[in-house]
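Work through two exercises on interfaces. Try each task before reading its solution.

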Amino acid sequence: MNVMDKPVFSVEGLWKVFGPKADSVPADPGLTSLEPAELRARTGCTAAVRDVSFDVRKGEVFVVMGLSGSGKSTLVRCLTRLIEPTAGTIAIDGEDVRAMDKSRLRELRRHRAAMVFQHFGLLPHRTVLDNVAYGLEIQGVGRSERRARAQDVVAKVGLEGMEQRRPSQLSGGQRQRVGLARALAVDPQVLLFDEPFSALDPLIRRDMQEEVVRLHREEGRTMVFITHDLSEALKLGDRIALMRDGKVVQLGTPEEIVGSPADDYVREFVRDVSREQVMTVGTAMRPGDCGGTEHPGALAPDELVADAIKVVARSGKPACVVDNGRCLGVVDHERLLGVVAGTEPRKEAA
Amino acid sequence: MATVTASAPRALPGGLLKHRAAQKLLLLALVAAILVPLANARWASGSWPAALTVDLTKPLTSASNWIIDNRDSNPLFLYFFGYISNAVVISVHAVYLVLLAAGWAGVTALGALVAWRVAGVRLALGTAAAFLACGLLGMWVATMQTLALMVVAVLVSVVVGVVLGLAAGLSDRLDRGLRPVLDTMQVLPAYAYLLPVVLVFGMGVPAAVLATVVYAAPPMARLTALGLRGADKEVLEAVDSLGATAPQRLLTARIPLARKELLLGLNQTIMMALSMAVIASVIGAGGLGDRVYQALASVDVGAALAAGIPIVLLAVVLDRVTGAAGEQAGEESRSLRPWLYAAAAAVAVALAGRLAGRLDWPDSWTFDIAEPVNRAVDWMTAHLYSGVPVVGGTADWAGHFTTWVLNPVRSGLQGLPWWSVLLVVAALAWLIGTWRTALTAVLAMAAIGVLGVWQPSLDTLSQVLAAVAVTLVLGFATGIAAARSDRFERLLRPVLDVFQTMPQFVYLIPVVALFGVGRAPAAAAAVVYALPAVVRITAQGLRQVDPAALESARSLGATPAQQLRQVQLPLARPALLLAVNQGVVLVLAVVVIGGLVGGGALGYDSVFGLAQGDLATGLVAGAAIVCLGLMLDRVTQPTERRAKKGA
């Protein structure tokens with residue numbers, strides 16, 4: 001939607017190789033083409049991130065998704081050089097991150113990108129309030145001001161009344177709220193999430209996901225979200241990069257990933273997804289104006305198929321898909337069932 | 001080949017392990033078959049061949065003489081050691097004067113208030129009672145002397161330890177360099193540190209303080225490094241991700257995260273400093289240790305006990321208070337106000353004491369226990385020493401132990417050809433550890449021979465072996481019982497706690513009362529000193545055995561004896577080996593001190609050296625003690641311990 005904006009993060013040909021003489025691997029075409037196991041046998045090196053490129057647009061939630069060991073956590077750490085990349089370029093707002101000196105990099109970490117960690121990474125000897133204010137303290141913000149700002153953020157994430165507790169006195173969900181508040185307190189341009197909810201119970205996890213959705217709706221902050229949970233990725237992501245063995249195998253909207261998997265691996269991955277919860281009417285419709293001037297019970301093109309089924313089932317008639325008063329197409333039982341069954345015709349190139 | 005075997009012996013199946021063990025022995029036998037006839041042909045002698053010794057007495061004597069002659073003129077002493085020495089004397093004296101100026105009421109109040117703030121009301125009362133008991137026993141001044149020395153020594157140890165620990169915690173290279181040094185210092189007997197310090201500083205307070213620092217700083221350094229290295233990686237990453245500078249990261253994250261280890265380090269440093277401050281009375285530390293030392297020299301058990309009880313009280317109080325500080329790390333509020341109140345109250349009490357003219361402990365309030373204790377000891381000597389029907393007497397026991405155990409072991413060891421001793425050392429060390437530990441052990445043992453103290457060292461070794469055997473039998477039995485019965489363990493725990501905090505020196509008092517002087521009492525003191533650690537490690541090891549393994553054994557219908565023999569003991573093997581290692585190290589520490597009560601051998605040589613100003617004899621004996629300590633540690637050092645520490 002915000003295509004005209006310049007990307008916040010722009011990653012090009014990024015490599016991260018661990019092991020002896022890691023530098024030589026990305027430069028050698030004979031090595032880059034090897035499978036991971038073969039590469040390790042040949043050089044003793046492990047390539048965690050292999051030739052990854054993507055842009056993160058302003059205001060979107062960009063999800064990097066993959067199983068454990070796919071390199072997604074390494075990738076997000078490379079963005080602020082918590083892990084030093086081996087090759088490739090990273091730019092934030094057009095500025096080369098890899099060329100930054102120490103103080104410039106510190107400035108980036110302090111103000112522009114803040115991270116939320118899987119196991120929270122809280123300081124056990126500080127209260128909730130001081131943990132939240134920690135980022136500001138590091139920046140040298142005065143005590144009373146940073147406490148006041150931290151107080152605001154604590155309220156925003158729903159932790160009022162717990163300011164004086166220690167992390168050990170909180171539940172897992174509450175701890176991650178502290179982690180989230182700490183990242184928000186420095187008012188960063190981008191929020192980076194490294195599997196933030198995978199250590200939480202399913203119910204708490206859902207709460208926290210909704211919290212993130214709410215925050216994103218209210219503030220419109222750019223987010224990079226790492227997860228191994230497909231449903232989480234589909235729920236939160238505007239766009240998803242699916243990683244395997246350090247490579248991005250498909251990058252697209254949730255609908256593109258579910259609707260037109262790039263290869264068998266992705267297809268296997270999304271097999272059990274309830275497609276009606278991801279696919280939209282716009283994809284499911286039979287294109288073409290219905291011809292009429294009135295469109296009773298019309299649907300918007302970005303509405304979910306699951307909602308369209310309700311409408312169509314209730315009225316018993318096909319429904320029109322209308323955008324800005326213009327009729328784009330029609331969905332009927334056959335079309336909608338096709339989506340649920342996964343037999344609908346492949347979406348033509350957009 | 002050898003390193004491969006040694007690095008993962010536990011992962012190998014039993015048959016293969018035996019096979020590997022046999023391989024090691026075979027290889028060793030091969031080496032022996034070549035070297036022994038050669039050695040035997042050249043230096044045929046039962047004891048260490050004279051041709052292979054180096055007499056260090058002359059150079060050491062001349063070195064020590066040179067130092068004594070030049071102490072007042074050489075710039076190194078004048079401008080370096082002299083300053084250190086003066087600074088130490090001045091600060092100890094200053095602390096001592098402050099303690100005296102605060103008066104007994106002020107010191108007691110201060111101690112109690114600190115204990116109250118750190119550890120609660122019960123310990124505060126205990127602390128006050130302990131200080132008052134010191135006064136009641138007529139030991140107030142001696143206690144303050146020891147305390148003053150300790151305050152200075154602990155402060156210096158903490159500073160040195162934290163600096164070394166920070167270096168080792170932050171730099172991998174320094175850590176690799178420092179770790180083996182600290183590991184080795186940990187296993188050397190306290191006694192070994194005394195002589196080199198005396199050589200440079202002469203007898204007196206500076207030497208005592210510095211020996212204490214050398215002994216007490218390593219645990220602080222180790223634990224500081226451990227705490228810094230053990231910090232949660234993700235927390236540090238989070239701190240980095242927020243853009244912290246290196247100093248910010250250290251001050252706001254790494255050090256606070258290591259707080260628990262730092263306080264544990266402080267606790268250990270204080271305990272070791274107390275232990276050493278007492279032993280250092282031998283080189284002129286004064287205070288409580290000196291009273292014990294003097295009393296023991298004249299076998300005056302009552303006087304020794306009167307000085308020994310304050311030491312024990314001091315140890316227990318210091319341990320509990322600092323231990324409590326470590327346990328509640330991070331829990332208490334940061335507020336300073338209660339501390340201010342406490343300080344004000346202490347000052348008020350001190351002033352009140354001053355105004356009331358009761359600065360010194362009133363003489364009329366002391367209670368002389370030496371008399372009645374000595375009467376009791378006399379009665380014991382008369383009635384329990386020997387001739388008690390059926391059980392015999394304590395002196396009889398000591399005599400039998402000497403005749404039937406110590407003497408045969410000693411003559412056995414001294415009768416062995418020297419090369420066979422080396423072979424046994426090599427075989428044991430290699431079977432339990434790696435070829436590296438075996439090599440170190442053999443070299444250490446050979447160094448003893450080269451130093452020309454082969455015979456007395458074997459005498460000391462025989463005492464160590466006998467005491468270790470007794471310790472292990474008693475310790476394993478008690479440990480197994482404690483692991484099997486919760487009630488027994490609950491009863492045992494406070495006893496072990498107290499025993500583990502007491503300085504080594506104190507153990508000599510009761511054994512002298514019971515067994516008189518000689519080698520048997522020295523061994524007995526060593527057994528009592530080493531027993532708590534062995535019991536504790538054994539019980540812990542057995543209790544930490546995987547419950548699932550035990551449960552599956554039970555579900556198959558194993559009897560308790562079968563469970564113990566087939567599941568618990570094999571799985572607790574690393575803990576048992578560690579218990580042996582600790583037992584050996586601790587026993588040696590006390591057997592050496594046993595030289596003060598007639599243990600003879602190396603311990604006696606070093607005391608004699610100190611007492612007669614014959615530093616050469618003392619230093620050679622001290623070096624032999626170091627070698628013996630190294631050898632015993634390496635021989636019993638399980639591979640796992642190395643691996644764990646390296647991780």
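The exercises below treat a predicted model.

**Exercise 1.** Describe the contact between chain B and chain A, and find what salt bridges cross it.

*Solution.* 
1. Count residues. Chain B brings 20 residues and chain A brings 23.
2. Take the area. The two chains bury about 1900 Å² between them, with 56% on carbon and sulfur atoms. On the chain B side, E234(B), S241(B) and L242(B) lose the most area, together 33% of what that side buries.
3. Look for salt bridges. The rule finds one. E237(B) pairs with R77(A), and their closest N and O atoms are 2.4 Å apart. The cut-off is 4 Å, so this pair qualifies.
4. Eight residue pairs count, both at pLDDT 80 or more.
5. Assign elements. On chain B, α10 (233-241) and α11 (246-257) each give two or more residues. α10(B) gives the most, seven residues.
6. Sort by type. The chain B side holds eight nonpolar, six polar and six charged residues.

**Exercise 2.** Characterise the interface of domain 1 and domain 2 within chain B.

*Solution.* 
1. Domain 1 is 59-65 + 96-330 + 339-355, and domain 2 is 381-636.
2. Count residues. In chain B, 39 residues of domain 1 touch 35 of domain 2.
3. Take the area. About 3100 Å² is buried, and carbon and sulfur atoms give 83%. Y191(B), L195(B) and L296(B) supply 23% of the domain 1 share, more than any other three residues.
4. Assign elements. α14(B) provides the largest share of the domain 1 side, 10 residues.
5. Sort by type. That side divides into 30 nonpolar, seven polar and two charged residues.

Terms used. Residues numbered from 1 in each chain as written. Chains lettered and ligands numbered in written order. Predicted model: local features only at pLDDT ≥ 70, side-chain atom pairs only at ≥ 80, totals over all residues. Heavy atoms only, no water. Contact = heavy atoms within 4.5 Å. Buried area = accessible area lost by both parts, 1.4 Å probe. Salt bridge = Lys/Arg side-chain N within 4 Å of Asp/Glu carboxyl O. Polar contact = N/O pair within 3.5 Å; in protein donor to acceptor, adjacent residues only side chain to side chain. Helix = DSSP H or I, 4+ residues; strand = E, 2+ residues; numbered from the N terminus. Nonpolar A, V, L, I, M, F, W, Y, C, P; charged D, E, K, R; others polar. Domains from an automatic or database assignment.
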